[in-house]
Amino acid sequence: MSNITDLSLNELVNNVKSKKISSKEITKAYVERSKKSNKLNTYIERTFDNALKNSEKFDNSPNLEKKLPGIPFAVKDLFCTKGVKTTASSKILENFIPTYESTITQNLWDAGAILLGKLNCDEFAMGSSNETSYFGNVISPISDNLVPGGSSGGSASALAAKLTPATIGTDTGGSIRQPASFTGTVGLKPTYGSCSRYGIVAFASSLDQAGPMTRNVKDCSLLLEVMSSFDPKDSTSVDFKRPNYFTGLNKNIKGKKIGIPKEYRVDGMPKEIDKLWEKGKEYLKDCGAEIVDISLPHTNYALPTYYIVAPAEASSNLARYDGVKYGLRADGENLIDMYEKTRSQGFGEEVKRRIMIGTYVLSSGYYDAYYLKAQKVRKLIKNDFDDVFKKVDAILTPSTPSSAFKVGEKSNDPVSMYLNDIFTVPVNLAGLPGISIPAGLDKNNYPLGLQIIGKPFDEQNILNIAYSMEEKINFKLNIKDWWIK
Amino acid sequence: MAIDLKTVKHISKLARISVNDEKAKKLEKDLNSIFKWIEQLNELNTDKVEPLTSIAETKLRLRKDKILSENIRDEILKNSPKDNKDYFVVPKVVE
């Protein structure tokens, strides 16, 4: 048999169910590989001993009806895990141990999965390169000194490096799809309201969604099925009949109308990405889909809108970190001084910058000019999508305007960093589902992704389109284990 | 609308984040470049557009006014930055 860590999530599940591999064997293989991969800096907290114990427990009385029977999972450190340190990659939560479990991780454990550890990300999920983490940069297994993208950078890096069979991330403006694209993996942001936000460290509550990150589309459908559930503990969780995404997965996309938005051809986009997009269209035609030219006229305004809405919500959400009930506390001369010093010492530069932007746009005299204006433009962006979805079943775009970049290359220019999310942000603003799949390589052999955007709650459709394209693309992630001595 | 140093200090006060002069100057530069970029939204006429406040179209649900977890004082105090088994401790507020 090939290496255990080379098997996909679905293959592992089948092997456990047919009793060919035990949970202990799988867990041991991932623990050993993870232990040799410190150079990538993917883990913040390791729970390897517990994982091994839990895998033994599973093997002693295996429940093979479970969807993720005894499968080990490392997860983004934005999900609260009961009794296991959860930091959101921030100094202010450096020693925070939740007394409750997020609904998403609970769904994983209920399906039989086992926690391997917590993965690095951008601080409070604010970043596109995993360079804002208090616990240091994450390195991509694609190449030394290359960023894995962000904010779910540790998740993407660990997944591509085979330190976890699959993983989960969160996506507020592209934080699942952009790192998936940078690392040659599959990442899906579900429709707003599909996956519970309960127990996820909040960034921008009207945009945040958790989603699966996997090595292929089949694994993605399986993991989404486990993650998505109606949750009364999340006030914006939507109570709809969730399909069985995994059993419903098929390659019949004949006659589907796929829109190609002209506004996604941006200035300075490398020719390779344009070519990849063209190839994507050809693959879809080969599968029997119909290509339709469409226009999303307010696309250019999505990013500036996002950089008002998201920081405004963040400044409000992060007001809770005041040093009183949990988290870091700095000593001050009085209560206000204690707040100011705690927050100054506890937050990193990017988080402070966004809190400042958010505070400014919500402050007296500026609310209408910025925040209200952004909410109106957000409506126009959503209207764009509503209009085109009367004509098409899904939309195909590149996932990112460039491939991965070097550590430090963009960290001094916030606006150039923000531009990374130009193709992913509109999807969050409109609350739609989007999936990024690996589609090719650039001249440096760095992966490039294509994004498929769907109608609200039409995840099955974009999964099926992705599944059909995946077969045609036949992408192989050829990573040499250069970081393992 | 340029953001000056005085405004940066005012926002930092509102945000309860202390910044020294050097950091304030850096923030002044960053915020101005970000807001200059954001200004492009003014190209759009939005006079007749309704603001989008939430993607979720459902009305907020009501639930029974029932206590779901009791006697969890110790759990709640567990992550308190200053040790005390009965209360959260803060600097003196009332003189």
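**Interface, salt bridges and local geometry**

Mentor: In this predicted model, 65 residues of chain A are in contact with 51 residues of chain B.

Trainee: How much area do chain A and chain B bury between them, and what share of it is on carbon and sulfur atoms?
Mentor: The area is counted as what the two parts lose on being put together, summed over both. For chain A and chain B it comes to about 5,400 Å². The share on carbon and sulfur atoms is 68%.

Trainee: How many salt bridges does the rule find across the interface of chain A and chain B?
Mentor: The criterion is a side-chain nitrogen of Lys or Arg within 4 Å of a carboxyl oxygen of Asp or Glu. Asp331(A) and Lys82(B) form a salt bridge, with their closest N and O atoms 3.6 Å apart. Across the interface of chain A and chain B, the rule finds four.

Trainee: Which helix of chain A gives the most to the side that touches chain B?
Mentor: Helices α9, α10, α11, α12 and α13 of chain A each supply at least two residues of that side. The one that gives the most, with 10 residues, is α12(A).

Trainee: By class, how many nonpolar residues has the side of chain A that touches chain B?
Mentor: That side has 16 polar and 16 charged residues. Its nonpolar residues number 33.

Trainee: Is Arg353(A) buried or exposed?
Mentor: Arg353(A) forms a salt bridge with Asp30(B), the closest N and O atoms being 2.7 Å apart. The pair crosses between chains, from helix α11 of chain A to helix α2 of chain B. The relative accessibility of Arg353(A) is 9%, and the cut-off is under 20%, so Arg353(A) counts as buried.

Trainee: Which residues are joined with Arg353(A) and Asp30(B) into one network?
Mentor: Asp30(B) is buried, with a relative accessible area of 4%. Salt bridges that share partners join this pair to three further names: Glu350(A), Arg354(A) and Lys26(B).

Trainee: What is the relative accessible area of Arg265(A)?
Mentor: Arg265(A) forms a salt bridge with Asp274(A), the closest N and O atoms being 2.9 Å apart. At 25% relative accessibility, Asp274(A) counts as partly exposed. Arg265(A) is partly exposed too, and its relative accessible area is 39%.

Trainee: Which elements are included in what covers the buried residues of α2(A)?
Mentor: The buried residues of this helix include Ile26(A), Tyr30(A) and Val31(A). What covers the buried residues of α2(A) includes, in chain A, α1, β1, α3, β2 and β3.

Trainee: What is the phi of Ala88(A)?
Mentor: Ala88(A) is in the loop between β2 and α4 of chain A. Ala88(A) is buried, with a relative accessible area of 0%. Although Ala88(A) is not a glycine, its phi is positive, about 55 degrees.

Trainee: Which residues does Gly184(A) touch, not counting residues up to four places away in sequence?
Mentor: Gly184(A) lies in the loop between α6 and β5 of chain A. Gly184(A) is buried, with a relative accessible area of 6%. Under that exclusion, Gly184(A) touches Pro438(A), Pro447(A), Phe475(A) and Leu477(A).

Note on methods: Residues are numbered from 1 along each chain as its sequence is written. Chains are lettered from A and ligands numbered from 1 in the order in which they are written. This is a predicted model: local features need pLDDT of at least 70, side-chain atom pairs count only at pLDDT 80 or more; totals for chains, interfaces and linings use all residues. Side-chain values use heavy atoms; hydrogens and water are left out. Contact means heavy atoms within 4.5 Å. Buried area is the accessible area (1.4 Å probe) that two parts lose on being put together, summed over both. Helices (H or I, at least four residues) and strands (E, at least two) are DSSP runs, numbered from the N terminus. Ala, Val, Leu, Ile, Met, Phe, Trp, Tyr, Cys and Pro count as nonpolar, Asp, Glu, Lys and Arg as charged, and the others, Gly among them, as polar. Buried means under 20% relative accessible area, exposed over 50%, partly exposed in between (1.4 Å probe, protein chains only).
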